[in-house]
Amino acid sequence: MEQQNHLEVQAQIAKVLASENIDVEFRNIETAAFDPVNRRLIVPQYKDGLSKSMYDLFIGHEVGHALYTPQIAPTEIRKDLPNFAQFVNVVEDVRIERKIRSRFPGLNKSFVNGYNDLLERNFFGDFSKRPLSDRSLADRLNIFFKVGAFNSGLEFFDDELSIKEKIESADTWEEVLAAAELLYEYAQSEKMNENKPQQEQQQTENNEDDNETFGNDEQSAEDGEGTSADEEESGDGEEGNGEEESEESSDDKDGVEDEGTSINGFSNGYENSEPEIETQVEFDKNRVDSIEEETQYGEHENVYIDTFNLDDIIINYKDLYNHLDVSFSKRENNFRSLHESSKVFHMLKKSWNKFRAENNKVVMSSAREFEMRKSADDFKRTKVSKTGVIDMNALHKYRFTEDIFLKQAVVKDGKNHSLTMFVDWSGSMCDIMSDTISQLQVLALFCKKVNIPFEVYAFTNNFSYLYMYPEMRETYYLPQDGRDVNRRNPLYNKYDGSFAISNEFALFNLLSSDMSKSDFDHANLWLEYMKVDMRRWGDRDYTVEPFENFAKWFSLGGTPLNETFAIIPQLMERLNKKNKSQINNIVFLTDGCGSSTHYCYRQKYNDVINISINDTIIDKKTKRAVKFTKNGYGAFGYGSGIINLLADRVKEQVDCNLINFHIIQSRPQTISSTYNDFGIGYNHTWEQYRDKSKSLRKDGFIVEDKTYYDKMFIVNKTSMKINDDDHLGELVAGEASKAQIKNALIKDTKGNKSSRIIMTNFAGIVAA
């Protein structure tokens with residue numbers, strides 16, 4: 001029988017309800033509830049192990065009650081009729097299931113298959129001991145309306161059909177109550193008819209006992225009308241014995257179990273004339289047993305991933321570099337004069353111009369190769385389309401060509417691609433940050449050349465008010481209130497269970513395809529500054545003043561990977577509206593993993609606390625719900641931490657290639673640690689790690705596709721350094737042979753491309 005993670009199935013129903021703008025949460029409760037004010041549906045959280053159809057059935061049934069059943073307890077209706085609530089429930093089930101199946105036809109198959117599964121698992125009782133055809137009308141109708149005539153094999157007498165039709169046609173709550181009363185009255189008559197033979201048998205036995213005890217009528221008359229206390233006690237005892245003999249005789253005669261006790265343990269013999277629906281009692285008991293209980297980690301809680309304040313999370317490139325300019329001008333403890341500072345920026349400008357010139361030939365070569373790969377196979381797969389926007393760099397050619405319009409890269413079955421890169425701005429990146437920035441600059445030059453829209457963000461949790469100059473602090477933070485310092489505009493919607501974002505979290509928009517030429521050059525001057533500053537960690541180059549002295553808010557901090565993944569769907573929705581991209585290449589450049597857990601806001605503590613194991617994570621937009629477990633979550637069997645859940649959410653909501661360049665040392669120990677961090681090292685031997693280490697040193701990277709990324713490039717950190725060797729320049733003009741020139745050209749081409757590892761692999765992915 002098909003099995004499926006139960007929250008995944010419940011999420012499917014939640015998605016259907018999303019069109020009604022209903023929030024869904026899961027609790028350890030026995031029945032569904034609906035909050036009409038907050039538009040919140042609360043449904044039971046069922047255990048794993050049931051079939052997919054059973055999960056669909058249970059949740060669909062509960063949703064039907066929440067949407068259509070009045071908020072009144074059935075036990076409060078007709079208190080004068082014992083067990084009447086059972087009859088109301090059975091009739092109401094027919095009504096709400098008819099409505100929910102009509103409203104969502106996709107549930108029909110699940111309801112049919114689900115009830116058949118329940119029958120096989122004896123959810124309604126064991127019919128092998130007592131056939132359904134021998135049960136009461138209420139029991140037979142209960143099963144009939146759930147599984148149908150074909151699967152139940154039931155037929156009804158003429159006097160029963162009118163009640164059946166009343167139940168089938170009940171469309172309002174009042175009609176449900178009326179039909180339930182008819183069914184209850186019929187059940188009472190059945191109970192009386194069932195008890196009548198037993199009562200007659202009891203009377204006969206009592207008469208026989210009376211004759212044996214008191215003799216004939218004459219003797220009784222002589223003794224008078226009254227009897228002594230001893231005689232009464234003796235009579236009662238004899239009556240009791242006769243009753244037991246009658247029951248034993250009945251059992252022997254009918255060959256069935258004691259009619260005085262139902263299969264559920266409820267008395268329904270002649271001593272109890274209250275009608276009940278045995279199949280419903282059994283179903284309710286088994287259904288409640290299928291609901292999860294509290295675990296060792298406490299009560300299950302719901303955590304909601306909602307919308308975030310992107311305008312304040314993202315520090316756009318204009319504000320970013322303006323803040324750096326102002327921070328530098330306001331710096332304290334400056335050990336250099338303004339004249340010396342101007343020399344520094346002159347040096348940085350020369351450095352940037354040199355870098356751009358040296359990489360231009362590689363970018364041009366890669367761009368030509370990229371266009372050739374796109375154009376292969378007679379444009380069956382790809383094409384280049386004009387955007388209708390004049391390319392100002394080509395405007396001077398208007399006399400010679402009409403092709404003065406910008407071209408948009410349209411690849412892979414005619415779909416536009418874009419690049420969004422997230423750079424780990426953490427302290428552990430310090431010794432490779434200089435080379436990393438060089439790789440980003442080359443990638444940006446390539447994207448500009450082939451006109452692929454791109455954004456480069458650095459993600460950080462170091463954007464603290466402590467490190468800002470006064471005007472900047474007032475822009476982003478409220479005045480300090482005691483120990484609390486809050487952002488002027490909250491980064492997330494704070495309510496009970498909301499997924500929390502740290503006040504110090506930010507995305508620095510380092511580079512963008514929206515930049516003008518002057519903005520692009522200005523940004524790269526500061527990136528050149530960063531490269532020199534980061535080289536201090538290895539080469540002790542103090543040519544520039546450290547960022548810690550004047551802009552510590554821009555310095556390296558931690559690795560807020562969870563927050564970054566959480567905002568990606570909303571961010572990509574915004575970028576897609578601007579770029580009209582169908583395929584998004586989301587690239588992470590990291591050297592480690594984020595936190596294995598995360599935190600949410602809890603109203604009862606008025607604080608943020610860690611998301612606990614077995615909490616249910618619910619996406620407010622899609623209504624998708626998954627459980628946070630110790631080893632990843634739900635269907636994922638690898639990795640650990642909430643990042644698995646967040647990455648899967650990105651891939652579900654964004655049409656993208658999710659790629660990671662993970663930079664490490666090429667030692668076997670480091671590779672082993674990396675594989676274990678990503679949950680893919682459980683079946684590797686030490687010898688395999690040694691082989692991977694050799695491959696990493698030889699090729700510069702190895703590729704894995706079994707992590708939460710679609711593709712992960714594990715990169716040797718020494719491969720991040722860009723090779724600027726000029727083998728052609730080493731040849732003596734007029735003396736080099738054709739073979740020497742050819743070999744030098746091959747070395748240059750191979751070395752230049754292999755060392756621009758991010759650009760080369762990205763171009764291959766997009767053009768493939």
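This is a predicted model: local features need pLDDT of at least 70, side-chain atom pairs count only at pLDDT 80 or more; totals for chains, interfaces and linings use all residues.
Entry 1: I began with a count. Taking Lys or Arg side-chain nitrogens within 4 Å of Asp or Glu carboxyl oxygens, I got 30 salt bridges.

**Entry 2: R130 and E278.** I picked this pair and checked the gap: the closest N and O atoms are 3.0 Å apart. Why does the pair tie together parts that are 148 residues apart in sequence? R130 sits in the loop between α4 (108-120) and α5 (137-152), while E278 belongs to helix α10 (residues 278-289), so the link spans that stretch. I also looked up how accessible E278 is. Its relative accessibility is 3%, so E278 counts as buried, the cut-off being under 20%.

**Entry 3: E455 and K578.** Here too I found a salt bridge between side chains, at 3.0 Å from N to O. E455 is in strand β9 (residues 454-460) and K578 in helix α17 (residues 561-579), so this pair ties together parts 123 residues apart in sequence.

**Entry 4: R624 and D648.** The side chains of R624 and D648 form a salt bridge at 2.9 Å, N to O. I placed R624 in the loop between β14 (616-619) and β15 (625-627), and D648 in helix α18 (residues 643-653); they are 24 residues apart. Both R624 and D648 are buried.

Terms used: Residues are numbered from 1 along each chain as its sequence is written. Side-chain values use heavy atoms; hydrogens and water are left out. Helices (H or I, at least four residues) and strands (E, at least two) are DSSP runs, numbered from the N terminus. Buried means under 20% relative accessible area, exposed over 50%, partly exposed in between (1.4 Å probe, protein chains only).
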